[in-house]
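Trainee: Please take me through this model by way of questions. I will ask for one item at a time.

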Amino acid sequence: MKIKKVKLYKTVYAPEELPQTPYKEVAFVGRSNVGKSSLLNTLVNNYKIAKVSSEPGKTRSVNFYLINDKFFMVDLPGYGFAKVPFKEQKRWRDLIEKYLKERDTLKGVFLLVDSKVGPTEKDKQMKDWLDFFGIPYVVVATKVDKLKSSEKQKLKRKVEEGLKDKNLEIIPFSSKTREGRVEVLKRIERLLEA
Ligand code: GTP
Ligand code: MG
């Protein structure tokens with residue numbers, strides 16, 4: 001897939017603002033700071049659409065990016081960042097849950113886990129949730145440029161153990177080296193066809 005056109009279509013802060021659209025979409029979820037916005041920027045060839053920050057909790061809204069006038073890539077706020085006030089965390093969680101549960105146009109989710117940190121309890125909860133609602137998903141192990149080659153060899157097992165599932169589709173990814181970019185784009189195409 002060639003990315004020819006990228007446009008921020010809508011920024012949503014509350015469930016009732018979620019747009020009704022004719023387009024199919026894929027979404028990106030994961031812990032705060034896991035690299036969702038960086039992955040999006042890498043996918044679209046660094047148009048710098050999504051704000052990247054070393055400070056967790058940067059993305060506070062659900063952002064709909066219209067790609068090639070054809071489908072959406074949806075950047076969701078990261079979960080599990082303790083420094084964000086509880087009330088705000090709850091608001092995000094409600095928004096993410098409502099989004100994942102009720103979105104007919106959602107064809108698949110990319111669940112990002114930090115390959116250095118490994119899956120967290122919150123990642124496992126999100127995975128169980130996607131299973132429960134029958135939403136197709138692919139795990140993306142981010143920041144693999146940080147791994148030594150010995151760690152990289154163990155990556156698949158580490159992710160499988162952390163998420164307690166041996167039948168996962170896992171794509172190693174780095175926004176630094178762009179490893180995995182083509183694989184993710186191919187996977188998006190297939191999800192949108194289904
Ligand atoms: P929230 O918006 O808070 O949910 O975070 P996010 O998941 O969008 O993370 P973001 O893309 O903003 O990246 C967080 C930090 O990780 C930034 O300092 C990035 O530069 C860094 N980072 C992201 N991807 C990579 C990667 O592939 N390799 C390395 N080494 N660092 C990365
Ligand atoms: Mg972000």
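Trainee: Which exposed residues does the face of H2 turned away from its buried side carry?
Mentor: This is a predicted model, in which local features need pLDDT of at least 70 and side-chain atom pairs count only at pLDDT 80 or more, while totals for chains, interfaces and linings use all residues. Residues are numbered from 1 along each chain as its sequence is written, chains are lettered from A and ligands numbered from 1 in the order in which they are written, and side-chain values use heavy atoms, with hydrogens and water left out. Buried means under 20% relative accessible area, exposed over 50%, and partly exposed in between (1.4 Å probe, protein chains only). Turned away from the buried side of H2 are the exposed residues Phe86 and Lys87.

Trainee: Within what arc do the buried residues of H2 fall, seen down the axis?
Mentor: Helices are DSSP runs of H or I of at least four residues, and strands are E runs of at least two, numbered from the N terminus. The buried residues in H2 are Glu88, Gln89, Trp92, Leu95, Ile96, Tyr99 and Leu100. They line one face of the helix, because the arc (of directions from the helix axis to the C-beta atoms) is within 130°.

Trainee: How far apart are the end C-alpha atoms of H2?
Mentor: The expected span of a helix is 1.5 Å times one less than its number of residues. For the 17 residues of H2 that should be 24 Å, which agrees with the distance between the end C-alpha atoms, 24 Å.

Trainee: Which residues have the most contacts inside the largest nonpolar core?
Mentor: A nonpolar core is a set of buried Ala, Val, Leu, Ile, Met, Phe, Trp, Tyr and Cys residues joined through side-chain atoms within 4.5 Å. Contact means heavy atoms within 4.5 Å. Elements giving two or more residues to this core include E2, E4, H2 and E5. The core has 32 residues, and those with the most contacts inside it are Tyr99, Leu100 and Val109.

Trainee: How many residues does the second, separate core have?
Mentor: Among its members are Val44, Phe71, Val138 and Ile171. The size of this second core is 24 residues.

Trainee: Which residues of H6 are exposed?
Mentor: Arg181, Val184, Leu185, Arg187, Ile188, Leu191 and Leu192 are buried in H6. These fall within an arc of 160° down the axis, so they line one face of the helix. Their cover includes strand E2 (24-30) and helix H1 (36-43). On the other side of H6, the exposed residues are Lys186 and Glu193.

Trainee: Is lysine 164 buried or exposed?
Mentor: Lysine 164 sits in the loop between H5 and E7. Its phi is near 50°, a positive value in a residue other than glycine. At 63% relative accessibility, lysine 164 counts as exposed.

Trainee: What is the radius of gyration of the chain?
Mentor: The chain comes to six helices and seven strands. The radius of gyration is taken over C-alpha atoms, and the globule rule is 2.2 Å times the number of residues to the power 0.38. For 194 residues the rule gives 16 Å, so the chain is as compact as a globular protein of that length, its own radius of gyration being close to that at 16 Å.

Trainee: What share of the residues of the chain count as buried?
Mentor: The C-alpha atoms fill a box of roughly 45 × 40 × 30 Å along the principal axes. Among contacts between residues at least 6 apart in sequence, 73% join residues at least 24 apart. Of the 194 residues, the buried share is 51%.
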